[in-house]
Amino acid sequence: MAVNPTSSSTLSSLTAKTGIGGLVSGMDIDEIVESLTSASREKITKQQQYLQKLEWKQTAYRSVTTALKAFQSSYLDVLSSTNFRSTSMFNTFKAASSSSAVTATATGSASGGRITINSITKLATNQTVKAASPASKALTSSNTVADFISGLEAGESISITLDGKVKTITFDSSFVSAVKADASTFETELQALVDKSFGAAGPSDRVISVNVDANDLLTFSATGSRITLNSVGTDSTTLTDMGFASGQSNRIASNTELRNLTLETPLTSGNQVFRINGVTFNFSSSDTLTTMMQKINSSAAGVTISYSAITDKFTMTANESGSGDNVVISEISGNLMTALGLTETAGAQVTAGQNAILSVNGQTITRSSNTFDIDGVKVTLNEETSEAVTITMTEDATSLKDSVKKFVEDYNSLIELINGLVKEEINKDYPPLTDKQKEEMSESEIEAWEKKAKSGILRGDALLRNISSKLQTSMAGLSVNGFSLFSMGISSAGYTENGKLKIDETKLQTALETKGTEIRELFASAKGLGNTLNTIITDATRTSGPKGSRGTLVEAAGMDNTMSKTENSIFDMMKRTNKNIKMLKLRLEAEESKYWSKFSYMESIINNLNAQSSILSSFTSS
């Protein structure tokens with residue numbers, strides 16, 4: 001049952017009793033007042049019954065909307081595997097390759113026969129531009145080892161993170177004593193601490209290397225790994241004295257702003273402006289590396305830029321394969337592309353793309369991509385081979401026949417629902433029940449009663465008749481180039497079948513085997529059956545857009561979880577009806593109060609008369 005816009009629609013017996021009546025007069029004032037206000041009560045009951053019927057009508061409309069959208073989703077949606085608006089849906093040919101070196105898929109224009117790929121000499125490749133050197137600045141100290149040793153005290157420590165594994169390196173008294181006694185042992189002593197922390201027994205399995213160069217500067221390095229140095233707790237001076245900043249790493253982080261990148265080749269100040277394949281890019285120093293890469297990859301430049309933390313190198317790859325200059329980079333302002341190692345100036349390694357070369361039916365052909373069409377077959381080259389590959393095309397209409405049969409079956413269910421509601425008999429002797437009536441009935445009796453009360457709620461409905469008429473006209477009368485559903489064995493099941501269709505399976509099988517092109521045009525062409533049905537259903541069930549521009553059923557009854565839920569004609573009528581019920585209830589209360597006031601006055605008069613009579617009787621008896 002739909003949710004009312006303002007109040008409950010339950011049909012109740014109303015009363016506005018204001019006191020105990022009839023104690024003096026002996027009259028059943030409750031019954032008298034209820035009888036006197038019966039006309040007002042009947043008006044309220046009628047309004048509540050009308051409201052209940054509006055709810056049932058809304059539910060019935062929504063059931064049709066749901067059924068239409070389900071049919072559309074199954075047979076007319078681009079994401080459906082049985083999309084009757086797609087030409088590929090009607091491809092009855094299947095392609096099979098004799099080798100994994102080639103993948104073959106039949107397209108809508110495929111026909112029977114064989115294709116022989118005698119050999120695949122080359123596969124198509126994409127042009128790449130790869131940096132020759134690591135992009136990040138080496139993890140080298142800015143202070144000399146001698147300066148660090150001079151201020152070093154036992155117990156100081158630093159943190160080293162290797163690919164997410166965090167270890168604390170503490171300079172104990174033995175370390176401090178050793179390096180202060182002989183500074184030349186610093187590299188060896190520190191290497192031993194690092195190896196111990198990360199589980200390295202010696203040079204052969206060492207993951208982090210420590211080096212003190214000729215300028216007495218310290219460097220941490222790890223092949224293919226990210227090292228990050230950090231201060232430990234409140235000890236912020238040890239790492240600084242060593243000549244490093246907390247968070248300093250041997251790899252750049254993609255979420256870093258361009259101005260903060262620790263590149264081996266520092267960026268120039270100002271905006272970084274460059275051009276790739278004729279597309280100009282402009283980035284400020286506050287843009288992040290991630291932002292820069294995403295904009296390039298989603299642009300019309302036709303390239304993909306990537307960064308490998310293992311090699312610490314950037315690579316730019318053309319999206320299109322084949323020979324030719326598919327990656328052309330030029331700096332306009334700044335040096336970002338050079339700093340990333342992707343320009344000729346930076347010594348970038350350019351690997352040219354190449355075309356695919358193969359022999360088909362004895363004829364050598366060249367293609368810029370490894371995927372292309374041959375005689376209606378989509379061919380994908382997977383590997384080079386000197387052995388012949390045979391692609392065989394066979395026709396199989398079985399799956400399409402099953403899909404067509406299911407399409408007709410579901411259409412019949414849809415049209416039966418719509419026409420059933422339009423032609424359903426009305427049971428005038430079964431109005432909606434009041435609460436008082438329900439109290440006197442069992443659940444099964446209530447259910448049986450309401451089933452009859454709901455019957456015919458949309459009998460003769462103009463909206464449903466219009467939708468049904470359009471659907472039946474399209475299915476029975478639409479033809480493309482003289483070919484229709486009747487031509488493929490699908491026709492009306494007869495007047496008594498309420499608009500349903502029937503299938504002549506022999507005629508359908510023959511049409512699928514001999515009229516593939518005509519069937520495809522009938523369903524999938526621009527003015528074909530698929531697009532026609534899709535338009536009819538969309539015009540009835542569209543939930544998007546402002547009120548007044550939605551589908552006819554949605555404008556009438558709305559749909560849950562959309563703006564139309566409270567923006568539809570039935571909702572507006574329910575609001576007005578609830579407002580009327582509220583007003584009628586107030587009038588009833590006033591009417592009942594008026595009668596009760598009069599009867600209460602009558603009771604008091606009778607009571608006074610009885611008292612006087614009692615007094616007079618007492619005088620007489622005296």
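Modeller: Start with a lysine over a ring. Lys423 lies over the face of Tyr495, and the distance to the ring centre is 5.8 Å. A second case is Lys507, which sits over the face of Phe486 at 4.3 Å from the ring centre. Keep in mind throughout that this is a predicted model.

Now the ring-to-ring contacts. The whole structure holds 19 aromatic pairs. One of them joins Phe71 and Phe407: the centres are 5.5 Å apart, the planes make an angle of 45°, and the pair is tilted. The tilted label follows because planes under 30 degrees apart count as stacked and those over 60 as edge-to-face, with the rest called tilted.

The axis of α2 comes within 12 Å of the axis of helix α12, residues 462–477, and the two cross at roughly 20°. Angles under 35 degrees count as roughly parallel, so α2 and α12 are roughly parallel to each other. Their crossing is left-handed. Which residues make the contact? From α2 come Tyr61, Val64 and Leu68. On the α12 side they meet Leu463, Leu464, Ile467 and Leu471.

Helix α12 has another partner. Its axis and that of helix α15, residues 529–541, come within 10 Å and cross at roughly 175°. That crossing angle makes α12 roughly antiparallel to α15. In α12 the contact residues are Ile467, Lys470, Leu471, Ser474 and Met475. In α15 they are Leu529, Thr532, Leu533, Ile536 and Ala540.

Glu450 is found in helix α11, residues 443–454. Its relative accessible area is 16%. Buried means under 20%, so Glu450 counts as buried. Leaving aside residues up to four places away in sequence, Glu450 touches Trp56 and Lys438.

Two loop residues deserve a check of the backbone. Most residues other than glycine have a negative phi. Asp163 has a positive phi, near 50°, and is not a glycine. Asp163 lies in the loop between β6 (156–162) and β7 (165–171). Is Asp163 buried or exposed? With 52% relative accessibility, Asp163 counts as exposed. Asn361 also has a positive phi, about 50°, and is likewise not a glycine. Asn361 is placed in the loop between β17 (356–360) and β18 (363–367).

Lys579 is in helix α17, residues 569–621. Lys579 counts as exposed, at 64% relative accessibility. From Lys579 to Leu193 the C-alpha to C-alpha distance is 83 Å, and the two are 386 residues apart in sequence.

Note on methods. Residues are numbered from 1 along each chain as its sequence is written. This is a predicted model: local features need pLDDT of at least 70, side-chain atom pairs count only at pLDDT 80 or more; totals for chains, interfaces and linings use all residues. Side-chain values use heavy atoms; hydrogens and water are left out. Rings of Phe, Tyr and Trp (its six-membered ring) pair if their centres lie within 6.5 Å; planes under 30 degrees apart count as stacked, over 60 as edge-to-face and the rest as tilted. A charge sits over a ring if NZ of Lys or CZ of Arg is within 6 Å of the ring centre and within 35 degrees of the ring normal. Axes are lines fitted to C-alpha atoms, for helices over the stretch in contact, and angles run from 0 to 180 degrees between N-to-C directions. Helices (H or I, at least four residues) and strands (E, at least two) are DSSP runs, numbered from the N terminus. Angles under 35 degrees count as roughly parallel, over 145 as roughly antiparallel, 65 to 115 as roughly perpendicular and the rest as oblique. A crossing is left-handed if the near helix is turned anticlockwise from the far one by less than a right angle, and right-handed if clockwise. Contact means heavy atoms within 4.5 Å. Buried means under 20% relative accessible area, exposed over 50%, partly exposed in between (1.4 Å probe, protein chains only).
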